[in-house]
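Please keep the sequence and the coordinates at hand while reading.

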Amino acid sequence: MEFFSSETKFPFMATRKVWYTLSAILMIGSIVSFATRGLNLGIDFTGGISAAASFTQTVDVDAVRTKLAAAGFKDPQVNTFGGSRGVNVRLAPDPSQDAKTIRQKIEDTLKAIDPSVQVQQVEVVGPQVGNELKTSATWALFFTLLLIGMYIAFRFHTWRLSLGAILAVIHDPVLVLGIFSVTQTQFDLPVVAAILAVIGYSLNDTVVVFDRIRERLESNRRLASDVVLDQSINQTLSRTIMTKVVTSIVVVALLFLGGPVLRGFSEALMIGIIAGTYSSIYISSAIALDCGLTAEHVFPSEKKAAIDHLP
Amino acid sequence: MLEYARWKYILIVVVLLLSTLFALPNVFGDDPAIQIGRADHTNLKADDAAAIVSYLKDQKVSVDKSYVEDGKVMLRFVDTTEQFKARDAIKDHYKEQYFTAMSFASRAPDLFVKWGLRPMPLGLDLRGGLYLLYQVDVKGSVSQYLEGYAQDARRALSVSNIQFKDVTVAVNGGDQQNAVRIVLPPETDVSTARTALTQPFQGISTTTESLPSGSAIVATLSTAQIKERQDYAIQQVITTMRNRVNELGVSEPIVQRQGVDRINVQLPGVQNSAEVVNILGKVASLEFRLEDMSNSAQEAVATGHAPLGSKLYTHTRIGRPILLKREIIATGDQLTSATSTQTQEGPAVSLRLDSRAGDAMLKTTRANLRKRMAVVLIEKRRETTKVDGKEVSKDITDEQVINDATIQGIFSNQFNITGLQAGEARELALLLRSGSLSTPIYPVEERVIGPSVGKENIDKGVNALIIGMAGVFVFMAIYYRAFGLVADLVLLANVVLLTALLSMMRASLSLPGIAGIILTVGMAVDANVLIYERIREEVRKGVSPQAAIRAGFEKAFSAIADSNVTTLIAGVVLWVFGTGPIRGFAIVLTLGIATSLFTALMGSRALVTLLYGGKRKLTRLSI
């Protein structure tokens, strides 16, 4: 079985201006949404109290919300969790009460709706950890980009490819954040892990295409760069699609069978995989091309210094 | 003809056998278990285990298996119902003689346990338990340290009859207290003062200043000394925390430093958080002081001034304010043991001091027979209140006189504290025994993670993962036929290898770790896809099958290497800079890249060579 039985000849580079525009619109849209709407931050970031409860019958989320509000909890957020009988309750932090009292209060409130309700989990989360995580994640990403840029510049002998790779790596998580912001899907720690995985996938794709570009440039020094890039992308296309299909099988399984805890995680991965495929073609390679990438950059012609050694 | 070096085959076989061995304990799963230890920390023996089991049998609790491990009895049960029944029975029958901890024991054969082969532990998010994060007040510990220097300096100057105006702990260029400042009157000679101070200030750089009236000596700790002191404080807190966790009898606890000045404590299976948090986070130390019996405490309360050389304590458990002498006879960190006992005067804590404190105690009791001595419990805590929407924290030191008694006889390093309630005696003994924690620590985060939700998480996640992987296996076999089957074997080997590494490192598996595994599987699949697509390309060019295989592996190598190295860079950076879940992800990713490189490059090559290498008249490849 094969997706493409002969080499494809899609003119990817010719249409890059169109894709630049699309990317620019998506990026600006993501950033604007991120700046104005922000993210629907999970309890991991905001701090507060998170509780899970399972009812014996289908539960009315609004009723739970009203009851909790009436019990004195400010702005309770209630979502169904793992089917129609489970709810996840998120509450603003309350330093004046300890977890035990809060748990009791939640239990009492929910018992009024269903006497045999089971409160399974009450977590108290400090917001400071969220802040710490933000700082450490920011630094980690900064150093990751820096070191990867350096590694690519070293292995491929040109900053043009480094720049392309770094922009592609920034592109994908920004898009994921943008979509999470627009849809207001809950952003929690597993999603952070997914975004890290997205960065990994995106890098992997970009470098595989770069590797082919390097190989093609070496054997076709006289060919125009955009032709070489098109050839490289076409030649790796069946691998790109095959790998994506295979990873998607796992991600789709997680999305539909992994339960609510992994929902956000698998959504982020799915978006990231699609974005990563696109960015490895239209961002990393195209940017390098527009920065004037030629065979000369990757394989400088050897200087004729040997003459000096002749007798 | 394709050839592959024999040593590479041997290496692959050895690695696979070893990793299968290390990964194997994970297959067996685990049983609910109870760990039982003696409250006085002496080792339990096989007869004790037999006695407990026979008692449980009488109580109609069926024990699946029992054995002694590290001086503790492990009981295993068929299900959690029996486990709970057993715990209640033991608690009721043996009371405070034993402490119990609910845990899980691997179902793997004893041989594995003997060889130290264990399954990888599950993270708290998958298994349930208590997660605590403490902030250690490192600045406070440096200030305390300097306080000690200041006291030594005062003593040294007094002993040498050198006059001084003031000795204070000060800030000298920096954002925290890092120096001791001694102000001298004009008539004091600076150099004689300095000589007198050489002993207490050994190893500290001192400078002198001229003041309008007199001069000052400033002894400043270097940055390295401050760091050393802070590290020491953290280490001490970790040790104390470990002791306290052990006192609680939790199995497989994790106490580790996080970042510069934080300590994270993970207690799997613990659900009664309030009690645990109360004991773990308590910053308490003890001081033994003589009562000042020549002055009236009532008078001091009325005037608001304590007489010279004494200190007034209004917060007491003895029902009246009390004046205590400033000299401290002994402190809590000089304790070597503390146990709760029953005496004629009611519950008591029996104490034992180290030799230095014992000497001081002997001297004091000999000189002060029939006088009274008091015990002061010092507790530190941080209270956070909201002022105008901002969180303001205030450190509170609570000094409480918990006991005051007449010295009945001369004693040195062994004596009792009486006049306590039963529960109090036990808690005080536990706190004292597990080390007085003098460096203030403050809770940053406290989370109880329910085991039922954890169970649901892991079941669903693992099932989805298995189904997804099965889908990948089937798809690879259809798409690449024989080569696809090779890829499947290689992927399986990769998962075994990764499991083995994680089990060996005792790295706990959590949800972000599962994310790491998914990325790793993706990368491993990609490496195989890169190779096979290359082989197909070569075949399409009309190259002979065996040459195509060779060219495929060779040409795909640079792509695989570069893409894995870049991802590896990301993994390592996240491992170094990340905390918590990011780190968990990074560990799995980094190890996973190593295993997938090994399996895809070496394992795959070896299998393909076995399959096609020897065939002389090969015309087609099943790809």
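## Basis

The model is predicted, and local features therefore need pLDDT of at least 70, side-chain atom pairs count only at pLDDT 80 or more, and totals for chains, interfaces and linings use all residues. Residues are numbered from 1 along each chain as its sequence is written, while chains are lettered from A and ligands numbered from 1 in the order in which they are written.

## The two chains

Chain A contains 10 helices and six strands, and chain B contains 17 helices and 21 strands; helices (H or I, at least four residues) and strands (E, at least two) are DSSP runs, numbered from the N terminus. Of the 311 residues in chain A, 46% are buried, and of the 623 residues in chain B, 43% are buried. Here a residue is buried if 20 or more other C-beta atoms lie within 10 Å of its own, exposed if 12 or fewer, and partly exposed in between, with C-beta atoms placed from the backbone.

Contacts (C-beta atoms, placed from the backbone, within 7 Å) can be sorted by sequence separation. In chain A, 78% of the contacts with a separation of 6 or more are between residues 24 or more positions apart, and in chain B, 72% of the contacts between residues at least 6 apart join residues at least 24 apart.

## Nonpolar cores

A nonpolar core is a set of buried Ala, Val, Leu, Ile, Met, Phe, Trp, Tyr and Cys residues joined through C-beta atoms within 7 Å. The largest one has 131 residues, of which A:Ala194, A:Ala197 and B:Ala515 touch the most other members. Apart from neighbours within four places in sequence, A:Ala197 is in contact with A:Leu269, B:Ala515, B:Ile518 and B:Leu519. A second, separate core has 70 residues, including B:Ala150, B:Ile217, B:Phe415 and B:Ile441.

## Helix packing

Helix H7 (residues 189–219) of chain A and helix H15 (residues 511–540) of chain B have axes that come within 9 Å and cross at roughly 15°; axes are lines fitted to C-alpha atoms, for helices over the stretch in contact, and angles run from 0 to 180 degrees between N-to-C directions. H7(A) is therefore roughly parallel to H15(B), given that angles under 35 degrees count as roughly parallel, over 145 as roughly antiparallel, 65 to 115 as roughly perpendicular and the rest as oblique. Among the residues that make this contact are A:Ala194 and A:Ala197 of H7(A) and B:Ala515, B:Ile518 and B:Leu519 of H15(B). By class, the contact of H7(A) with H15(B) has 14 nonpolar, three polar and one charged residues, where Ala, Val, Leu, Ile, Met, Phe, Trp, Tyr, Cys and Pro count as nonpolar, Asp, Glu, Lys and Arg as charged, and the others, Gly among them, as polar.

Within chain A, helix H8 (residues 225–257) and helix H9 (residues 263–290) pack at an angle of about 175°, with their axes 10 Å apart, and are therefore roughly antiparallel to each other. The residues of this contact divide into 10 nonpolar, seven polar and three charged.

## Individual residues

B:Lys60, in the loop between helix H3 (46–58) and strand E2 (65–69) of chain B, has a positive phi of about 65° although it is not a glycine; with 9 C-beta neighbours inside 10 Å, B:Lys60 counts as exposed. B:Arg481 lies in helix H14 (residues 451–505) of chain B and has a positive phi near 45°, and its 14 C-beta neighbours inside 10 Å place B:Arg481 in the partly exposed class.

Key. Contact = placed C-beta atoms within 7 Å.
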